[in-house]
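User: I'd like to learn how to read a fold from its coordinates. Could you walk me through this one, starting with a backbone detail?

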Amino acid sequence: MKHYTHAHFILRCIEIARNGGQKVSPNPMVGALLVENNEIIGEGYHAEYGKAHAEVNAFSSVKKENLHRVKNATLYVSLEPCNIFGKTPPCTSLIIENKIKKVVISTQDVSPEVNGNGVTLLQNDGIEVIQDILPEKGKVLVKQRSVFVTKKRPYTILKLAISEDGFYASQEKVNTWLSSPITSRLTHKWRSEVDAILVGTDTALIDNPLLDTRFFPGRSPLKYVMDKHNSLPEHLNLFHEPNVAKRFTLKRKNINDVQIGLDKNKSLDLNEISTYFYNQNIGSLLVEGGGQLIKSYLDSNLWDELRLIRTKKTLKEGKEIHLKNLNKSASYVLGGDLIDVYLREETR
């Protein structure tokens with residue numbers, strides 16, 4: 001029989017964890033395996049927020065004829081098991097009750113209530129714990145959750161398309177379509193991967209976007225728009241059923257308005273908006289523009305990723321955004337467009 005390494009089984013944990021997708025947000029995606037004599041006898045992942053964790057589903061998946069093997073099995077988990085009562089009981093209690101002797105973990109859960117306490121609890125019960133197996137892959141898997149619990153705001157992705165000559169929009173207030181049809185479909189995929197989407201006043205008024213996922217299978221995110229003076233007309237696509245956008249505004253007029261104060265620049269306070277999202281359990285946010293809103297986020301440092309779409313179209317003149325001191329993480333070509341991904345230094 002072939003002998004597999006810890007890394008082999010942790011990779012499988014990470015693979016199945018992704019099945020949870022956005023259904024688990026703001027909780028993390030987690031996968032777990034029970035392995036006995038080099039054979040997987042149970043596996044599970046966190047499938048939906050508020051429901052059973054990966055470890056619970058792994059134990060539940062063990063076939064009746066294999067139940068006697070559980071006490072000799074090693075538990076592999078992509079994230080440190082929780083030790084707190086939340087919407088479900090702590091996974092450490094389940095592990096101890098099943099008399100597991102060894103637990104192998106990819107990365108630590110940085111939630112303040114856990115943050116190594118799950119490991120300590122297991123070790124205090126005499127369970128061998130092996131940590132940091134492919135930790136960078138484990139951290140990437142839970143990066144959104146890590147930002148949410150440590151910074152108390154959503155993992156925030158900025159998306160902006162610019163022309164070949166460096167402009168993100170025309171000087172005139174007209175809809176300027178820059179990215180290719182294939183890249184536009186990718187944007188819809190990005191929307192399906194977040195809890196909420198935010199646009200500025202000009203983007204809502206000039207582009208009149210739907211902000212849905214019609215070009216990619218998946219749920220549409222919650223929609224929000226910056227509307228400082230509550231001036232956007234009701235006929236815009238954003239305010240149509242079934243997913244009516246909420247406005248961030250200085251003064252509420254109706255039930256879908258969220259009143260926000262001003263920052264030192266007399267703009268709607270992004271710190272206050274980030275706190276609102278956190279309190280609404282929104283774990284991830286896509287900011288689709290316009291350029292002024294993107295710049296405000298970059299200046300505030302309330303962001304984690306910038307996805308910059310560099311297109312082949314030219315505008316000759318228009319509105320610019322100056323990007324400097326950014327850390328490029330990835331770069332790829334799609335549909336003739338170059339997509340550069342930048343990460344904040346703290347997110348890398």
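Analyst: Let's start at N208, which lies in the loop between α8 (201-207) and β9. Helices (H or I, at least four residues) and strands (E, at least two) are DSSP runs, numbered from the N terminus. A word on the source: this is a predicted model, where local features need pLDDT of at least 70 and side-chain atom pairs count only at pLDDT 80 or more, while totals for chains, interfaces and linings use all residues. Residues are numbered from 1 along each chain as its sequence is written, and side-chain values use heavy atoms, with hydrogens and water left out.

User: Which residues does the cis peptide bond with omega of about 10° at P242 join?

Analyst: E241 and P242, and P242 sits in the loop between β9 (222-226) and β10 (246-249). G289 to G290 is also a cis peptide bond, omega near 10°. G290 is in the loop between β12 (284-287) and α10 (291-300).

User: On to sheets. In what order do the five strands of the open sheet come?

Analyst: Pairing first: two strands pair if DSSP finds at least two bridges between them. Here the order is β2-β1-β3-β4-β5, with mixed pairing. β2 (39-45) and β5 are at the edges with a single partner strand each, so one side of each has no neighbour in the sheet. On average, neighbouring strands are turned by 20° against each other, direction ignored. Axes are lines fitted to C-alpha atoms, for helices over the stretch in contact, and angles run from 0 to 180 degrees between N-to-C directions.

User: Which strands does α1 touch?

Analyst: Contact means heavy atoms within 4.5 Å. Helix α1 (residues 6-17) packs on the sheet and touches β1 (31-36), β2, β3, β4 and β5, its direction making about 140° with that of β1.

User: And which residues of α4 are buried?

Analyst: In α4 (residues 117-124), they are G118, V119 and L122. Because they cover an arc of only 100° around the axis, they are on the same side of α4; the arc is that of the directions from the helix axis to the C-beta atoms. Their cover includes α3 (91-97), β4 (102-107) and β5 (128-130). After α4 comes G126, with a positive phi near 85°.

User: How many residues are in the largest nonpolar core?

Analyst: In soluble globular proteins, nonpolar side chains tend to be buried together. A nonpolar core is a set of buried Ala, Val, Leu, Ile, Met, Phe, Trp, Tyr and Cys residues joined through side-chain atoms within 4.5 Å. The largest has 37, and L34, L75, Y76, I95, I100 and V103 have the most contacts inside it. α1 gives the largest share of this core, six residues. Leaving out residues up to four places away in sequence, I100 touches L34, F59, V70, A73, L75, I95 and I127. A second, separate core has 30 residues, among them Y168, L270, Y276 and Y342.

Definitions and conventions: Buried means under 20% relative accessible area, exposed over 50%, partly exposed in between (1.4 Å probe, protein chains only).
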